[in-house]
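Please read it with the structure open.

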Amino acid sequence: MHFKRERRAALSRAGWMVMGKGARASALEVAKIFFAFLFFFPAATLQCKILKCNSEFWASTPSSGPKEEFCTALRAYNSCVRRTARTCRGDLAYHSAQHGIEDLMTQHNCSKEGPTASPRARTPPPPAPPLPPQINNFVPSDGPEVCHYERSLPRHAAAPNYTHCGFFGDPHLRTFNDDFQTCKVEGAWPLIHNKYLSVQVTNTPVLPGSAATATSKLTIIFKNFQECVDQKMYHAETDELPAAFADGSKNGGDRHGANTLRIVEKVPGQHVEIQARYIGTTIVVRQVGRYLTFAVRMPEEVVNSVEDQENQDLYLCLHGCPANQRIDFRTFRARGAESQGSSRARPESSSHGFTYQSAMAKCKERLPVEDLYFQSCVFDLLSSGDINFTLAAYYAFEDVKMLHSNKEKHHLFERDAGMFNSAPKGSSPGLSVLFTLVAISLWTELCCLCL
């Protein structure tokens, strides 16, 4: 899609703006990106002690100060990482740290030879004498027009087309193209990745040994954009749905358009809304029971502002789950109907406490229309027995009504899903492995660039 907006020249600058001549990557920035990597790949902390090295470097390094002090801390960090080589060999976080240290040494002209003792905790300087009271005339505002998506469009341009993606339950995906899929997708998977933001989820088994999974972690990275917002990261997981970004802030930073990115807590610990007006985007994150749900409203132009055309089939909200990760809804319904018939003869027959008939009755209480949200509710009750999945499907549909621009497409039925729920016969299991390896490679590259 060709961009019609006047700010298209700035799109190439909307990515990870931490490299380049004159870039001064502070220890704080390094640590933030490194921790983002660990959120995506938590197994790294179990396999080696690389996190300890990173924590020591972060704690002992000032955000500003003499170059010699920074280089000393960097050499100490390098020595710590090298000592973990035996236990961390082959670990993604370990190799990412190695690459990042080399880049920082080059940027700051640090010699590999020299003192490596970790700096002792710095004694804070005595407080400066109080200044006379001054009026602060700067208040982060909505900023210039470039920080308002619709205002930045050409005067006679057509109204933007807003699209929706949702991810909930065990898990069910509604793509930007209104395809509805039920997927396996255990582990870490990317939902969105474009020039403005990235979203990744981690799905874990609902019950030990069960094939049913649900989202237990979610990470969103909003990238730098012109004079509007600084780079911000939001991370949520089970029983931790914060009302702030990872750095404790609730808006886009100190730039003039900072308030065009903000977090609004709707229900403490249960419902958070992130408004990114500079890209016309609204994100809803909920915790329902023990698991998270995700919903987003985004202009079509932003959806298609991809950086790597060849790898865009990796992102679930854009192209759906890989074929061999999809579950055929029609086959499930046929089996459910068979079990319903047999359960009449044997009333004690049930799946995790629900029969097909009782699951339908429970879902009817919240979802009277037998659309795909209703069917997903029935599926989740039978596969997990967790009554909270009824609410997950209900709130997912409520988010559709709030975020989807086309009222006629709020409900989706099996005929609308077409063939998208079924995996083609003969699909190779190797596709899933390839998908995961490419996704890991891409995120590792991003983290290395940030380092």
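This is a predicted model: local features need pLDDT of at least 70, side-chain atom pairs count only at pLDDT 80 or more; totals for chains, interfaces and linings use all residues.

## Helix H12

The buried residues of H12 are Phe-389, Thr-390, Ala-392, Ala-393, Ala-396, Phe-397, Asp-399, Val-400 and Leu-403. As a general point, an α-helix has 3.6 residues a turn, so residues three or four places apart point the same way.

## Packing of H11 against H12

Helix H11, residues 372–384, and helix H12, residues 388–403, have axes that come within 8 Å and cross at roughly 160°. Because angles over 145 degrees count as roughly antiparallel, H11 is described as roughly antiparallel to H12. The crossing of these two helices, H11 and H12, is right-handed.

On the H11 side, the contact involves Tyr-373, Ser-376, Cys-377, Asp-380, Leu-381 and Ser-384, which meet Phe-389, Thr-390, Ala-393, Ala-396, Phe-397 and Val-400 of H12. Sorted by type, the residues of this contact between H11 and H12 comprise 8 nonpolar, 3 polar and 1 charged.

## Packing of H10 against H11

Helix H10, residues 356–364, packs with H11 at an angle of about 130°, the two axes being 9 Å apart, and this angle makes H10 oblique to H11. The crossing in which H10 passes H11 is right-handed. H10 contributes Tyr-356, Ala-359, Met-360, Lys-362, Cys-363 and Lys-364 to the contact, while H11 contributes Phe-374, Gln-375, Cys-377, Val-378, Leu-381 and Leu-382. The residues of the contact of H10 with H11 divide into 9 nonpolar, 1 polar and 2 charged.

Cys-377 and Leu-381 of H11 are listed in the contact with H12, and Cys-377 and Leu-381 are also listed in the contact with H10.

## Lys-409 in the following loop

Lys-409 lies in the loop between H12 and helix H13, residues 414–417, and counts as partly exposed because its relative accessibility is 39%. If residues up to four places away in sequence are not counted, Lys-409 touches Arg-174, Asp-178 and His-404. Asp-178 and Lys-409 are 231 residues apart in sequence, yet their C-alpha atoms are 8.0 Å apart in space.

## The chain as a whole

The protein chain has 14 helices and 12 strands, and buried residues make up 51% of its 451 residues. Among contacts in the protein chain with a separation of 6 or more, 64% are between residues 24 or more positions apart.

Methods: Residues are numbered from 1 along each chain as its sequence is written. Side-chain values use heavy atoms; hydrogens and water are left out. Axes are lines fitted to C-alpha atoms, for helices over the stretch in contact, and angles run from 0 to 180 degrees between N-to-C directions. Helices (H or I, at least four residues) and strands (E, at least two) are DSSP runs, numbered from the N terminus. Angles under 35 degrees count as roughly parallel, over 145 as roughly antiparallel, 65 to 115 as roughly perpendicular and the rest as oblique. A crossing is left-handed if the near helix is turned anticlockwise from the far one by less than a right angle, and right-handed if clockwise. Contact means heavy atoms within 4.5 Å. Ala, Val, Leu, Ile, Met, Phe, Trp, Tyr, Cys and Pro count as nonpolar, Asp, Glu, Lys and Arg as charged, and the others, Gly among them, as polar. Buried means under 20% relative accessible area, exposed over 50%, partly exposed in between (1.4 Å probe, protein chains only).
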